[in-house]
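This briefing is meant to be read beside the sequence and the 3D view. Please keep both open while going through the points.

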Amino acid sequence: MIEYKEFANISLNINGEDKNVIVKPSDTLLNVIRDKLGLTGAKAGCENGDCGSCTVLIDGIPIKSCITLAVESIGKKIITIEGLKETPIQKAFIEKAGFQCGFCTCGFIMNCQGLITMNPNASDDIIDEWLSSNLCRCTSYNEISKAIKWVLKKECK
């Protein structure tokens with residue numbers, strides 16, 4: 001186990017690029033991504049892991065970056081919303097109007113990208129379960145669910 005004291009110069013693989021940053025051991029991945037690397041798609045909502053607006057993919061798994069230490073992400077592949085390039089789920093959110101104010105949208109898209117990758121045959125119950133890990137105050141989850149089903153080529157009404 002590596003012990004970090006005061007500050008550490010670490011390398012993080014973010015969106016396919018290695019980035020060197022100086023962090024404190026207590027710095028969250030969210031703060032490093034936003035404040036040190038200027039990638040502002042992941043939002044600071046609740047900052048305790050409840051809302052999901054800070055969701056990123058780490059080795060393909062949706063992770064809440066506000067409760068993940070940056071040093072825990074060394075050697076892993078981190079993808080932020082800025083690293084997704086015209087993915088089907090991004091297009092589906094537009095096509096199915098899966099957003100309103102937009103604050104939570106990036107977190108939902110990252111969570112949905114993880115779902116689609118990990119569960120390409122996801123049932124309605126699995127989709128609902130995954131969506132329950134993110135919060136939206138503006139819209140129903142209907143449109144977001146329709147976006148996922150559209151990508152998975154399920155029937156959407």
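The points below cover the sheet, its hairpins, the helices and a few single residues.

The model is a predicted one. Its five strands form an open sheet of mixed pairing, in the order β2-β1-β5-β3-β4. Helix α3 lies across β3, β4 and β5, and helix α2 packs with both α5 and α3.

**The sheet**

- Strands β2 and β4 stand at the edges of the sheet. Each has a single partner strand, so one side of each is left without a neighbour in the sheet.
- From one strand to the next, the twist averages 45°.
- β1 and β2 are paired antiparallel, with seven bridges between them. Across this pairing, S11 stands opposite N20 in β2.
- β3 (residues 55-58) and β4 also run antiparallel, and four bridges join them. L57 has P62 in β4 as its bridge partner.

- β3 and β4 form a hairpin in which two residues lie between the strands. D59, in the turn, has a positive phi of about 50°.

**Helix α1**

- Helix α1 covers residues 29-36, and its buried residues are L29, L30, V32 and I33.
- The elements that cover these buried residues include strands β1, β2, β3 and β5 (77-79).
- G38 follows α1 and has a positive phi, near 70°.

**Helix α2 against α5**

- Two packed helices are described by the angle between their axes and the distance between the axes.
- For α2 and α5 (residues 142-151), the angle is about 135° and the axes are 8 Å apart.
- The two helices α2 and α5 are therefore oblique to each other, and the crossing of α2 past α5 is right-handed.
- On the α2 side, the contact uses P88, I89, K91, A92, F93 and E95. On the α5 side, these meet I144, A147, I148, W150 and V151.
- By class, the residues of the contact of α2 with α5 are nine nonpolar, no polar and two charged.

**Helix α2 against α3**

- α2 and α3 pack with their axes 9 Å apart, at an angle of about 125°.
- α2 and α3 are therefore oblique to each other, and α2 passes α3 in a right-handed crossing.
- I89, Q90 and F93 of α2 make this contact with T105, F108, I109, C112, Q113 and I116 of α3.
- The contact of α2 with α3 has six nonpolar residues, three polar ones and no charged ones.
- I89 and F93 are listed in the contact with α5 and also in the contact with α3.

**Helix α3, the sheet and M118**

- α3 lies across β3, β4 and β5 and runs at about 35° to β3.
- M118 is found in helix α3. With a relative accessible area of 41%, M118 is partly exposed.
- Leaving aside residues up to four places away in sequence, M118 touches G60, I61, P62 and W130.
- M118 and I61 are 57 residues apart along the chain, and their C-alpha atoms are separated by 8.1 Å.

**Loop residues with positive phi**

- N15 is not a glycine, yet its phi is positive, about 55°. N15 lies in the loop between β1 (8-14) and β2 (17-23).
- At 23% relative accessibility, N15 counts as partly exposed.
- A97 also is a residue other than glycine with a positive phi, near 55°. A97 lies in the loop between α2 (88-95) and α3 (105-118).
- A97 has a relative accessible area of 40% and is partly exposed.

Key: Residues are numbered from 1 along each chain as its sequence is written. This is a predicted model: local features need pLDDT of at least 70, side-chain atom pairs count only at pLDDT 80 or more; totals for chains, interfaces and linings use all residues. Side-chain values use heavy atoms; hydrogens and water are left out. Two strands pair if DSSP finds at least two bridges between them. Buried means under 20% relative accessible area, exposed over 50%, partly exposed in between (1.4 Å probe, protein chains only). Axes are lines fitted to C-alpha atoms, for helices over the stretch in contact, and angles run from 0 to 180 degrees between N-to-C directions. Angles under 35 degrees count as roughly parallel, over 145 as roughly antiparallel, 65 to 115 as roughly perpendicular and the rest as oblique. A crossing is left-handed if the near helix is turned anticlockwise from the far one by less than a right angle, and right-handed if clockwise. Contact means heavy atoms within 4.5 Å. Ala, Val, Leu, Ile, Met, Phe, Trp, Tyr, Cys and Pro count as nonpolar, Asp, Glu, Lys and Arg as charged, and the others, Gly among them, as polar.
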